[in-house]
Amino acid sequence: MKKLKLPNGFGSISYYGDHRRRPYVVKKYIDGKQKPIGYFATYEDALAYLVAYNKNPSLFNPSEITFTEIFKLWSAEHFPKIAKTTAANYTAAYKHCEPLYGKKFISLKISDLQAVIRAMSRAKIGYASQKKCRQLLHNLYTYAVKYEIISASADISKYIDIDKKKIVYPKSPFNTRQLNRVKRLAESEEPLSRWAKVVVMMIYSGVRPSEMLAVKKCDVKLKQRYFIVRESKTEAG
């Protein structure tokens, strides 16, 4: 992340070299002297702390703040709360918004946002990526409203249209005959029976592959015929 130009009185972030475990130092003027108030491993963490310390990102001139600056402020606050893969997906979506980078956020029109999606569609970039980009734009506008950089009525992200989802490879569940074949294999002495057992467990439990891989041996109760999933992608899981 490039350094964000901070307003007067907001504070500063200094970098003291790779040899330190937490090389980024947040400083504020206190009693007329600039004093360090926090040490951080990344610039993003330092910026998030400084924004939280000031409690008001709208100290940045709302009429001048750009799309890129909104993204940097939002990501500095939001990325520490989410998984690295999710943050990487948002960063990838941000790259599709390049035509908006230097534009003043407050002056953006729905046509500007829609143009980003149209460009993705023309480039054959599919539904999932368009949806993530729309979600990013919605998050940025929510952030801007939250900190009174724009008014709630200026949130135009809800009007963004994306391509309809196309099912390239239609999926269908196992039918009874197929399920019985897998169950017979799971109960056999065949070399593949261990993997068939895993398939049966996933079919009846509905867990995702990632959730299944996270299951520990101690959480599998063979006699009682159940297992425990301790890590889930969603709260419902």
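Which residues in α2 meet which residues in α3? F67, T68, F71 and W74 in α2 meet Y90, T91 and Y94 in α3, where contact means heavy atoms within 4.5 Å.

The model is predicted: local features need pLDDT of at least 70, side-chain atom pairs count only at pLDDT 80 or more, and totals for chains, interfaces and linings use all residues. Residues are numbered from 1 along each chain as its sequence is written, and side-chain values use heavy atoms, with hydrogens and water left out.

**Helix pair.** Helices are DSSP runs of H or I with at least four residues, strands are runs of E with at least two, and both are numbered from the N terminus. The axes of α2 and α3 come within 12 Å and cross at roughly 180°. The two helices, α2 and α3, are therefore roughly antiparallel (over 145 degrees).

**Core.** The largest nonpolar core has 48 residues, and F67 and F105 have the most contacts inside it. Such a core is a set of buried Ala, Val, Leu, Ile, Met, Phe, Trp, Tyr and Cys residues joined through side-chain atoms within 4.5 Å; buried means under 20% relative accessible area with a 1.4 Å probe, protein chains only. The largest share of this core, seven residues, comes from α5. Beyond its neighbours within four places in sequence, F105 is in contact with residues including F67, I70 and L140.

**Cysteines.** The whole structure holds zero disulfides, a disulfide being a pair of cysteine sulfur atoms within 2.5 Å.

| Cysteine | Relative accessible area | Closest cysteine sulfur |
|---|---|---|
| C97 | 0% | C133, 3.7 Å |
| C133 | 0% | C97, 3.7 Å |

Key:
Buried < 20%, exposed > 50% of the residue type's maximum accessible area, 1.4 Å probe, protein only. Axes fitted to C-alpha atoms, helices over the stretch in contact; angles between N-to-C directions. Parallel < 35°, antiparallel > 145°, perpendicular 65-115°, else oblique.
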